[in-house]
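I opened this structure to take a few notes. Here is what I looked up, entry by entry.

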Amino acid sequence: MGFLLGWGCVLAKKSIGPVRREFTPWESPDHPPFIEFRNVTKKFGDFTAVNNLSLKIYEREFFALLGGSGCGKTTLMRMLAGFETPTTGQIFLDGQDLAGIPPFRRPSNMMFQSYALFPHMSVEKNIAFGLKQDRLAPSEIGDRVAEMLRLTKLEQFAKRRPHQLSGGQRQRVALARSLAKRPKVLLLDEPLGALDRKLREETQFELMNIQEELKTTFLIVTHDQEEAMTVADRIAVMDKGELVQVATPAEIYEAPNSRFVADFIGDVNLIEATVVRKSEAGTRLDSVCEGFAIETNQTTDAGIGDRVWYAIRPEKVRIAHGRGEPDAANQIDGLVWDIAYLGDVSIIHSKVGKGDRDTILRATFANVSRMVENPITWDDEVVLSFDRDAGVILRG
Amino acid sequence: MDKPAPVKRTLGGWALIAVPYVWLLIFFLAPFLIVFKISLSQVAVAIPPYVPTFDLAGGWQAFVENLGDLSLENYLWLTEDDLYWKSYLSSVVIAGISTFLTLLIGYPIAYGMARSPQSLRPTLLMLVILPFWTSFLIRVYAWIGILKNEGLLNQLLMAIGIIDEPLVILNTNTAVYIGIVYSYLPFLVLPLYASLERLDGSLLEAAEDLGCPPWKAFWKITLPLSLPGVIAGCFLVFIPAVGEFVIPDLLGGSDTLMIGKTLWTEFFNNRDWPVSSAVAVILLIILVIPIVLFQNQQQKIAEKQA
Amino acid sequence: MTRGPTWFNITSLVMGFSFLYLPIVLLVIYSFNKSRLVTVWGGFSTEWYVSLLHNDQLLDAAWVTLRVAFVSASVATVLGTAAALVLVRSGRFIGRSLFSGMIFAPLVMPEVILGLSLLLLFVAMDQSRGFWTVILAHTTFAMCYVAVVVQSRLVGFDKSIEEAAEDLGCPPVKTFFLITLPIILPGVVAGWMLAFTLSLDDLVVASFTTGPGATTLPMKIYSQVRLGVTPEINAVCTILVVLVTCAVIAASLVTRRQQVQKERDERTAFGAEG
């Protein structure tokens, strides 16, 4: 009967999204961090690139720093690599304070955005370069290079120069070179930015497999939210030199902590509303654009009458002609305003609310059948419905 | 994120700066200060042929006494003898005319290069650069044999019957113009070609598409956009041409006045070091204006590209 | 610009290049003239080249010039490369604009001023003039040309390549010799060649800064040219022109071939990806 009980527990514990099995060191407060930024600030003249930032990253974690350009993510990584010095604050790696240690003595290695391959050396020599700096025995260097070539499937290109390789191959050389020294942490600066979309998606999985195999801590900097969501165990969303939210990809998507995060990751409807009733079971909001209320199981620390935003992803909004779904907690009448047909889905923009205070609500409509008898089209009157747990209340 | 970081400098970093810096201070800047100082001294029959010589052995006292011996006399002399200001004026005029002629000849060449097929351009570019590598002196010398009274040009012109009497070209200003144009042509063609080559061909197509005939498109589009190249090229010809010595000396006549030649004569023939130093100082002051203008223009281009 | 050349373009190119090359071609042709009158063709002869071999003064001057050019170009390459690194890499430091001014000024400064000022410096230093003072003078202006050539190569240099080397455990100085120098080497070599030919060419600065016993070839040529054109000088000039031309063409062919090879490699590499 034991296994049945076990099942019961799993079923009872509702969690948000997929998580790598039994790997959640960030949830136990006693777990020692592998990398720690402690109140780190970096200023370039008047410009503050990183502002009093503290962050803990754990061993074997695949961690992503995500943000737009100029948000400080690259500066943060370069401080860890030693190319920039923090104006104030400390950085620890494996318990060691990194202050004053030059880049060439740090136990981290970096894969550069431009790959930065040495153009005058063959693939082999590029990979062996770091090992030679450590004065390893030639036989060991040979073994290590062979291992890296195998890992990145580059065996047949060992003698080639970088300019004789394609973009994807160069990317793998850069990866092999930075992994050859078995760094305590691998830093990846926009590693897939130069690849085309298809190759990028393939390489993302390859990266994850390599990380699984080597069990090295990976820190990736990217501006591509899909990439961060695909590869990372946890994501730190950055803006203007500060951390906005640090959480698993699913938490960031399903439970963003601010309008910035909700808007930055994926597509979202943000409905301005006021709190009209609150209890432990949930909250009732009145839309500012009048005409509809929102019932949610979320609790909020906002008081009655406070202005909040209700964030709901378009795919959580169902759309139908006529009466819609009478069972749903929320039902809103709308008028189809615009349709973006994307093939797999259509994004339907509907006008909701009253008079000149109306707003647009987007709903995803999955095109599951090729032929539809009565398709939703422009100017249709529709009903938009969603459940009590479909969205989140945001205060800022 | 892309702002330049204040560079941390190690001892090696400082040494890297110090070595070329000190070299230039000693062998470039200090000599100018000495030239300036000597331009305030008097000529004397001595070695070196001027007083005062600052002898550090005399100590501070002697140094201060010597200071009193400096005077602006040489500069006054430059204004009194009209040879000097006529030389300055004539240098600027000759350089100006030559620059204009170089532009007239250089523009069609640069334009032709920019319009030639892509595969041919590196070769053409090398053909323009090649004369720059061969000796300046030899290139000027080559013209003597051509421009002489009994030279090849006159032989040719008389043989085909255009003229009966040989033209006197060598030892005139015309020969100097030819020499300067010939020697400095690559300096003008290169920056001009660079700016013409960058010109986006679709701009001309757009102009024609909007109803502008090709010749007009040249005036309205190509020429204005190549202006930075024209200006850079003209400066690169004009500035060195003003102080030119070899060309007026070998190709010019006794009445060709150019300041480089005057300075040379003053120094080597008259052995008047203080006056030639004063000539050099004034020449430098005259050139500072175009040099600064040129620097500013280059900086603007660099900023635009950044 | 992508459009084809017109007749006007072709004509101006032909005329322009004739103008650039005809004088030198004529000079080369007339160096094989039998007649002592330089401009009257008296039949083909190589006697002037033979007589060169017996002109000890000219040969001495040529030897002096080559030594001066070699030493000054080599020193200038080291100093100029350092100066280029400072200009591109050193960020801000006190006197930076003075430094860059001193690098760029000699490029446009009249040679008479450079020569005069250096001579006066040597006099002030009570330095007897000769072989070494010419070398110092040539090094000074040649290093500025080297700096400009190397700088243009450094500006296009991806700094993250150096960072990668450091990241992999290579200290900065070693990184320079292992990574940076090999990559900018074509620029450094071009700078050396430029410095060498500039020194080979120079008449004015050498005339000011030289002393007894150190007459360079351009000075020798100049003093003879002043006395009139001789076929012997034509022969000397021809040899110089041919040497320099061969060197420059060879150098550019090598770089061209490397370039073409590289482009071909890149095309194949990217073709293979699809």
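I call a residue buried if 20 or more other C-beta atoms lie within 10 Å of its own, exposed if 12 or fewer, and partly exposed in between, with C-beta atoms placed from the backbone. By that count, buried residues make up 42% of the 306 residues in chain B.

I noted the ground rules. The model is predicted: local features need pLDDT of at least 70, side-chain atom pairs count only at pLDDT 80 or more, and totals for chains, interfaces and linings use all residues. Residues are numbered from 1 along each chain as its sequence is written, while chains are lettered from A and ligands numbered from 1 in the order in which they are written.

Chain B next. I found 13 helices and two strands there; these are DSSP runs numbered from the N terminus (helices H or I, at least four residues; strands E, at least two). Contact means C-beta atoms, placed from the backbone, within 7 Å. Of the chain B contacts between residues at least 6 apart in sequence, 72% join residues at least 24 apart.

Then I checked where chain B meets chain C. The contact takes 75 residues from chain B and 64 residues from chain C. On the chain B side, helix H1 (residues 11–39) gives the most, with 18 residues.

Last, chain A. Its open sheet of five strands runs S15-S19-S16-S17-S18, with antiparallel pairing; strands pair if DSSP finds at least two bridges between them. Strands S15 (318–321) and S18 (359–366) of chain A are the edges. S17 (residues 345–352) of chain A pairs with S18(A) over eight bridges. Ile348(A) stands opposite Ala363(A) in S18(A).

Note on methods:
Two residues are in contact if their C-beta atoms, placed from the backbone, lie within 7 Å.
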